[in-house]
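Here is a short briefing on one protein chain. Keep the structure open while reading.

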Amino acid sequence: MAKITLSKLRHSYMPNPKGPEDYALKEIDLDWEDGGAYALLGPSGCGKSTLLNIISGLLEPSEGAILFDDRDVTSLPPDQRNIAQVFQFPVIYDTMTVYDNLAFPLRNRGFAEKFVNERVTEIAAMLEVEEMLRTRAAHLSPDNKQKISMGRGLVRDDVNVVMFDEPLTAIDPHLKWKLRSKLRELHQRVRATMIYVTHDQTEALTFADQVVVMQEGEVVQIGTPVELFERPQHTFVGHFIGSPGMNVLAADERDGGVSFEGQAVALEGKVTGQGGLAQIGIRPEFVSLSDTGLSARVRKVADVGRHSVVEAMVGDTPVKAIVEGDTPEQGEEVHLAFRPDQTRLYRDGWLATEART
Ligand SMILES: Nc1ncnc2c1ncn2[C@@H]1O[C@H](COP(=O)(O)OP(=O)(O)OP(=O)(O)O)[C@@H](O)[C@H]1O
């Protein structure tokens with residue numbers, strides 16, 4: 001397995017790109033450590049497939065370099081990069097047995113049958129598919145086919161990286177959570193460098209130690225699931241991650257203070273920089289109903305099981321709060337309190353407050 005470095009990587013599908021808007025990938029610099037579990041998370045069109053294709057060698061970047069363990073592979077074709085890939089839909093041979101499907105990537109590389117047998121047995125045990133080994137793949141259910149496809153991606157221990165491209169798309173929702181946790185467990189056992197591409201936050205946060213969040217061709221934050229939740233570096237991360245996402249509210253900066261809809265708001269700490277579009281970011285988990293605070297009128301209450309999401313209008317702006325226990329009625333006048341240590345200022349999307357230490 002290898003450490004992967006992306007250095008000053010940029011890609012445009014246009015022959016003569018001019019501004020940043022012509023780039024499907026703006027400048028990306030990052031290091032993926034050997035043996036790490038990473039997710040690449042972002043909405044459709046943010047550049048995930050472009051980046052994946054550059055790593056696998058299907059696409060040569062317009063600028064920058066890709067290194068595997070400090071070896072420049074930018075111009076190497078896919079077959080010389082030694083990568084295993086698992087795609088959205090299972091890639092298996094229907095006429096072969098499950099055993100032969102799992103053995104295929106090893107036999108193809110000329111490994112001895114004794115080793116092939118050891119590895120297939122080991123992977124089949126991890127995936128809990130031992131009883132299917134003699135079954136023809138054509139007879140498998142779609143989720144079992146995808147399991148075997150994953151097994152094919154994991155069976156070689158000599159690859160630089162295993163890449164998963166939205167591997168749970170075609171899986172029945174009831175079985176998704178099972179395969180999701182299985183993959184996490186598999187990573188812990190095989191310790192390969194893995195990159196998991198998805199637009200689904202639950203998949204990314206369950207699988208990865210480190211999540212790379214992308215928006216419009218740019219990496220907006222790299223962090224652990226907890227870091228992304230607790231301290232979003234960009235309003236996009238706050239809004240995209242969480243259920244519901246962070247409240248992002250128009251802020252008015254005046255005389256060293258910040259207000260929202262004409263009411264003063266206390267922030268976590270010192271404000272940095274100046275100018276630009278100022279917004280307050282606070283997660284619904286840190287907004288509470290109280291006796292004092294911002295005056296608001298309840299617009300909607302949704303019971304989502306463990307708690308309720310109360311949406312209240314402060315002036316013309318909706319603010320969401322997660323409330324445990326009793327909830328107010330629609331139309332009721334309430335007060336909202338923002339937990340100051342969780343209330344941040346963003347400037348042109350980027351975090352502009354320092355945490356109080
Ligand atoms: N072959 C291509 N030619 C021109 N533009 C492309 C090409 N492939 C992708 N793009 C553009 O590059 C941008 C990034 O697309 P990309 O497919 O990498 O995003 P994505 O995050 O993988 O989205 P999805 O999940 O929908 O595949 C988009 O604006 C897309 O329209």
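The chain falls into domain 1 (4–230) and domain 2 (244–351). The model is predicted. Between the centres of domain 1 and domain 2, taken over C-alpha atoms, there are 38 Å.

**Overall layout**
- The chain holds eight helices and 22 strands.
- Its C-alpha atoms fill a box of roughly 75 × 50 × 35 Å along the principal axes.
- Of the 357 residues, 38% count as buried.
- Take the contacts in the chain with a separation of 6 or more: 67% of them join residues 24 or more positions apart.

**Nonpolar cores**
- The largest nonpolar core has 71 residues.
- Y38, A39 and Y196 have the most contacts inside this core.
- Which residues does Y38 contact, leaving aside neighbours within four places in sequence? They are W32, M194, I195, Y196, A208, Q210 and V212.
- Another core, of 23 residues, lies apart from the largest one. Its members include L294, A312, L336 and A352.

**Packing of α2 and α4**
- Helix α2 covers residues 98–108, and helix α4 covers residues 142–154.
- The two helices pack with their axes 7 Å apart, at an angle of about 30°.
- Angles under 35 degrees count as roughly parallel, so α2 and α4 are roughly parallel to each other.
- The crossing of α2 past α4 is right-handed.
- On the α2 side, V98, N101, L102, F104 and P105 make the contact.

Notes. Residues numbered from 1 in each chain as written. Predicted model: local features only at pLDDT ≥ 70, side-chain atom pairs only at ≥ 80, totals over all residues. Domains from an automatic or database assignment. Core = buried A, V, L, I, M, F, W, Y, C linked by C-beta atoms within 7 Å. Buried ≥ 20, exposed ≤ 12 C-beta atoms within 10 Å, placed from the backbone. Contact = placed C-beta atoms within 7 Å. Axes fitted to C-alpha atoms, helices over the stretch in contact; angles between N-to-C directions. Helix = DSSP H or I, 4+ residues; strand = E, 2+ residues; numbered from the N terminus. Parallel < 35°, antiparallel > 145°, perpendicular 65-115°, else oblique. Left-handed = near helix turned anticlockwise from the far one by under 90°.
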